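Work through the exercises below with the sequence and the structure open. Each task is followed by a solution in steps.

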Amino acid sequence: MEYNTDRTQLIMPEYGRNIQQLVEHCKTLPTKEERNEMALAIVEFMGQRNPHLRDEENYKHKLWDHLFILADYDLDVDSPYTIVTKEELAEKPRRMDYPSFDNDYKFYGKSILQLIEMAIKLDDGDEKDALIQVIANNMKKSYNVYNKEHVSDDVIFRHLKDLSDNQLDLTGLDSLDKSKIYYANNRNKNQNNNKNQNNNNNNRRKNNFQNHKNKRR
């Protein structure tokens, strides 16, 4: 009996020993035409054995890359794609650049800083005022999530002023509840409630009139 420990080590175990042996056999074929034909068949077989790869982008290219990896890059066949060398495969990817924060307000995140930059560029007016108040509300939410404690509005106003280099200032407000957004939202709610109440009253009058009319008949 032959044990796996006595066999050659699998380069990519997910493909199994059968495909590994097919690749080894392909390398021994005498003509390039035969090797090309068998390489195509192996790639198709690899795709059937790993159907999940079909959901990935350029999965055919990936299968051909895997074929050359299984052959230890010692396979003379015509590939429809550029062959990745062993050195390129071993090369470490470039380290990703992460956003750095040079202040004490890291918990607000980069999106808040981007919104602040956008608000600074806007001309003075209702649009700018609304955006500033949206920023302040989101800053308050982020602060409470990160610090696990309630924060007063004046602290948020001070942080907003610092982050914007004194260009965005809400310190004149007593609280965020007295901002234009708060009043606008509540005004809309009150208008909707009044409208619904009026509709209910009108429907009630119609029903009473119809019931009275039916009784007289």
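**Exercise 1.** Does Asp 165 count as buried or exposed, and at what relative accessibility?

Solution. The model is predicted, so local features need pLDDT of at least 70 and side-chain atom pairs count only at pLDDT 80 or more, while totals for chains, interfaces and linings use all residues. Residues are numbered from 1 along each chain as its sequence is written, and side-chain values use heavy atoms, with hydrogens and water left out.

Step 1. Take the cut-offs: buried means under 20% relative accessible area, exposed over 50%, and partly exposed in between, with a 1.4 Å probe and protein chains only.
Step 2. Asp 165 has 59% relative accessibility and therefore counts as exposed.
Step 3. Locate the residue: Asp 165 is in the loop between α7 (153-163) and α8 (180-216).
Step 4. Check the backbone: phi of Asp 165 is near 55°, a positive value in a residue other than glycine.

**Exercise 2.** Carry out the analysis of Exercise 1 for Asn 166.

Solution. Step 1. Asn 166 is found in the loop between α7 and α8.
Step 1. Its phi is near 65°, a positive value in a residue other than glycine.
Step 2. With 52% relative accessibility, Asn 166 counts as exposed.

**Exercise 3.** List the secondary structure of the chain and describe its burial.

Solution. Step 1. Count DSSP runs, where helices are H or I of at least four residues and strands are E of at least two, numbered from the N terminus.
Step 1. The chain has 8 helices and 0 strands, and the order from the N terminus is α-α-α-α-α-α-α-α.
Step 2. Of its 217 residues, 28% count as buried.
Step 3. The chain exposes about 16,100 Å², of which carbon and sulfur atoms supply 46%; such areas come from the Shrake-Rupley method with a 1.4 Å probe, and for residues only the protein chains shown count as cover.

**Exercise 4.** How do α5 and α6 pack, and which residues make the contact?

Step 1. For α5 (residues 109-121) and α6 (residues 126-147) the angle is about 160°, and the axes are 10 Å apart.
Step 2. The angle therefore makes α5 roughly antiparallel to α6, a label for angles over 145 degrees.
Step 3. Contact means heavy atoms within 4.5 Å. On α5 the contact is made by Ile 112, Leu 115, Ile 116, Met 118, Ala 119 and Ile 120, and on α6 by Lys 128, Leu 131, Ile 132, Ile 135, Asn 138 and Met 139.
Step 4. Sorted by class, the contact of α5 with α6 has 10 nonpolar, 1 polar and 1 charged residues. Ala, Val, Leu, Ile, Met, Phe, Trp, Tyr, Cys and Pro count as nonpolar, Asp, Glu, Lys and Arg as charged, and the others, Gly among them, as polar.

**Exercise 5.** Which residues of α1 are buried, and where does His 25 stand?

Solution. Step 1. Gly 16, Arg 17, Ile 19, Gln 20, Val 23 and Cys 26 of α1 are buried.
Step 1. The buried residues of α1 pack against α2 (32-49) and α3 (59-70).
Step 2. His 25 lies in α1 (residues 16-28) and is partly exposed, with a relative accessible area of 43%.
Step 3. The C-alpha atoms of His 25 and Ala 71 are separated by 10.0 Å, with the two residues 46 residues apart along the chain.

Key:
Axes are lines fitted to C-alpha atoms, for helices over the stretch in contact, and angles run from 0 to 180 degrees between N-to-C directions. Angles under 35 degrees count as roughly parallel, over 145 as roughly antiparallel, 65 to 115 as roughly perpendicular and the rest as oblique.
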